[in-house]
Amino acid sequence: MNTDTTHMDALAHDPDAVRLALADLNRKLRRRGEPAVAAVDCDWSYSWCIGFGFEPEPGRSNIGANLVASYGRLSGRSRLSEPGKTLRLDRIPPEIDAARNPPRVTPENTAHIAAVPMMPNPAGEVRTLLVTGGYRKDGEFLLIGAVTGDPVGPPASHFVHVLTPHGARFVGGLVATARERYDATPEGGTFTWRNKRLRRLTREAILARLQPAPEGDGPEPS
């Protein structure tokens, strides 16, 4: 797995690893007849895996990791732990620790328009969809949002759900191009995807749709 970091954060965590990764990169550049680069010119990341092939010793994790300095198509690496050993627990970079234990979606950390119960899962657990938007397709009312308990991600990673009498049901996600068009469309406007015209829902339309309507109250909002 790869997890991004910054030069300054990597330097604060392990200055020797920064020096060695940069030296490895510059050796490769010299072999190609290219000038050496400075640490600030590189992109930095951690390449790591779990289950490194060694039984963790007391005080050690089951993680193996390298610090990577990238410049163009070349990269230099530095091992963060001793050869044949995994990382000490107190030497796990905070970026890797956060990637292993991401924060979970809650109403407090996810801006949302409304909260809708999800359909119970096979274990009978009921979670909540925090609705962040939605759109209409062929008359179908589709909601976009994040589910409580899932790892926190950017809004672009929120998935599409449909309402059922038993709660919201996951139906998929917007692929990158469709998501770009959705994000570029103002609320109430339309965008096209695969020759279909989709209407982005307004906040008011979402709230009105989610509130129980009195019998005979007329058509649902569009």
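Which residue has its charged end over the ring of Tyr182, and how far is it from the ring's centre?

Tutor: Happy to! This is a predicted model, where local features need pLDDT of at least 70, side-chain atom pairs count only at pLDDT 80 or more, and totals for chains, interfaces and linings use all residues. Residues are numbered from 1 along each chain as its sequence is written, and side-chain values use heavy atoms, leaving out hydrogens and water.

The residue you want is Arg200: its charged end sits over the ring of Tyr182, 4.2 Å from the centre. Sitting over a ring requires NZ of Lys or CZ of Arg within 6 Å of the ring centre and within 35 degrees of the ring normal.

Tyr182 also belongs to a cluster, linked by ring pairs with Tyr135 and Phe191. Rings of Phe, Tyr and Trp (its six-membered ring) pair if their centres lie within 6.5 Å; planes under 30 degrees apart are stacked, over 60 edge-to-face, and the rest tilted. Across the whole structure, four aromatic pairs turn up. One of them joins Tyr135 and Phe191 edge-to-face, with 6.2 Å between centres and 65 degrees between planes. Because Tyr135 lies in strand E6 (residues 128-137) and Phe191 in strand E10 (residues 190-193), this pair ties together parts 56 residues apart in sequence. Strands (E, at least two residues) are DSSP runs, numbered from the N terminus.

Phe191 also pairs edge-to-face with Tyr182, at 6.0 Å and 80 degrees. Tyr182 and Phe191 are both buried, meaning under 20% relative accessible area (1.4 Å probe, protein chains only). Tyr135 counts as buried too, at 6% relative accessibility, while Phe191 has 5%.

Terms used:
Helix = DSSP H or I, 4+ residues; strand = E, 2+ residues; numbered from the N terminus. Buried < 20%, exposed > 50% of the residue type's maximum accessible area, 1.4 Å probe, protein only.
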